[in-house]
Amino acid sequence: MNRENILQNIEKNNQWFINTRRELHKIPELDFELPKTVAYVTSLLDEMGLTYKTGVGKSGIVVDIEGKNKDITIALRADMDALPILECGNKEYSSTISGHMHACGHDVHTAILLGVAKTISENRDSLPCNVRLLFQPAEETTGGALPMIEDGCLEGVDAIFGLHVDPTIECGVIGIKYGAYCASSTDVIIEVEGKSCHGAYPSQGIDAIVATCGIVTNLQSVISRNIDSRDSAVLSFGKIIGGEKENIVAQNVRVSGTLRTLSPEIKNKVKERVKEMVEFTAKGYGATGKVTYKDSYTALINHDEYIDIVKENGKELLSDSGIYVKTLANMGVEDFAYFVEKVPGAFFNLGVGNKKKGITAPLHNDKFDIDEDSLKIGVALQIFNILSAYDKLNK
């Protein structure tokens with residue numbers, strides 16, 4: 001595929017990309033329940049004459065496009081789900097579903113992947129390798145990546161790329177991060193059991209609230225005194241339930257929170273120390289303490305050689321000034337992590353902000369919007385990534 005011809009084709013279809021994103025923005029749906037979104041996406045794929053599977057990982061869509069070399073397959077992923085947010089404003093493309101909004105830019109991701117599909121379908125004879133397009137549900141909730149992987153969406157895939165819009169980066173700039181991009185997430189539940197008694201005679205019981213306060217206070221030292229300050233880990237508690245009445249010493253208390261780390265080694269070390277701290281601190285108060293962990297998303301670790309591909313293609317499209325190299329990882333989560341855990345690949349940010357146009361609202365905000373000039377950049381960059389990854393794998 002000639003890159004100059006691709007850019008001309010993309011410029012020709014730019015308004016199509018914009019219209020597609022706006023139509024998607026009007027129909028935000030949540031989690032795995034995406035009937036309108038799936039119907040719209042597949043209607044466009046039908047117009048392009050592309051073959052696809054639906055119902056992958058419950059409600060995902062997988063598109064396979066054959067290229068000249070059928071031994072190499074490059075995948076691209078876009079998430080399709082929205083957020084339970086009431087959109088502010090009355091744009092012509094505002095949400096038509098009350099209380100739902102594409103406030104995280106997944107409409108943009110889906111429109112870009114459809115833009116890639118349209119561009120490739122119009123240049124199919126020169127496609128050097130197989131391309132697989134993954135339209136994923138439920139990134140914002142329980143995670144749609146794993147169900148799609150379990151349904152075989154990565155079978156035969158040699159490399160994968162994904163992107164996420166970033167309104168803190170100006171349109172015309174992309175953000176890249178070598179190594180760890182996003183943290184893993186683990187739910188932490190602590191249960192403390194004491195012995196209830198009359199609040200006037202606390203010596204007759206074991207106060208689970210006092211014991212829990214000691215535990216939570218002591219746990220603040222787990223990160224600062226057990227984890228190297230050059231590593232990243234966050235332990236936060238957001239919910240506590242305990243006690244029955246103001247004049248009864250509490251017998252049971254339950255605390256829940258979250259643990260975020262950037263490596264399995266750090267996660268396991270924190271888990272071990274938290275368990276010890278809970279059990280022994282509770283024992284010091286005469287109570288018993290138990291901690292339960294529920295692992296959620298794994299950490300997203302980019303493969304540096306594929307970030308190099310994104311970087312070089314970004315420079316070709318946008319010049320050296322169009323590349324922003326991030327030095328700090330995001331302690332939030334992203335289930336694209338499961339894809340790059342299985343096959344090599346890269347996840348990067350597409351700048352969509354524009355201060356001059358007043359496009360500055362953050363993600364997950366009811367005023368979120370994008371500079372739509374970013375759409376053609378995303379389409380071009382992902383196609384260039386396919387071509388460069390093929391060159392790398394075909395050596």
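Begin with the aromatic side chains: rings of Phe, Tyr and Trp (its six-membered ring) pair if their centres lie within 6.5 Å, with planes under 30 degrees apart counted as stacked, over 60 as edge-to-face and the rest as tilted, and by this rule there are 6 aromatic pairs. Select Tyr297 and Tyr338, an edge-to-face pair with 6.2 Å centre to centre and 85° between the planes. This pair links distant parts of the chain, 41 residues apart, since Tyr297 sits in the loop between strand E13 (288-295) and strand E14 (300-301), while Tyr338 belongs to helix H9 (residues 337-342). Helices (H or I, at least four residues) and strands (E, at least two) are DSSP runs, numbered from the N terminus.

This is a predicted model, in which local features need pLDDT of at least 70 and side-chain atom pairs count only at pLDDT 80 or more, whereas totals for chains, interfaces and linings use all residues. Residues are numbered from 1 along each chain as its sequence is written, and side-chain values use heavy atoms, with hydrogens and water left out.

Next, select Tyr181, Phe336, Phe339 and Phe347, which ring pairs link into a cluster.

Then turn to charges over rings (NZ of Lys or CZ of Arg within 6 Å of the ring centre and within 35 degrees of the ring normal): Lys58 lies over the face of Phe32, at 4.5 Å from the ring centre, and Lys392 over the face of Tyr306, at 5.5 Å.
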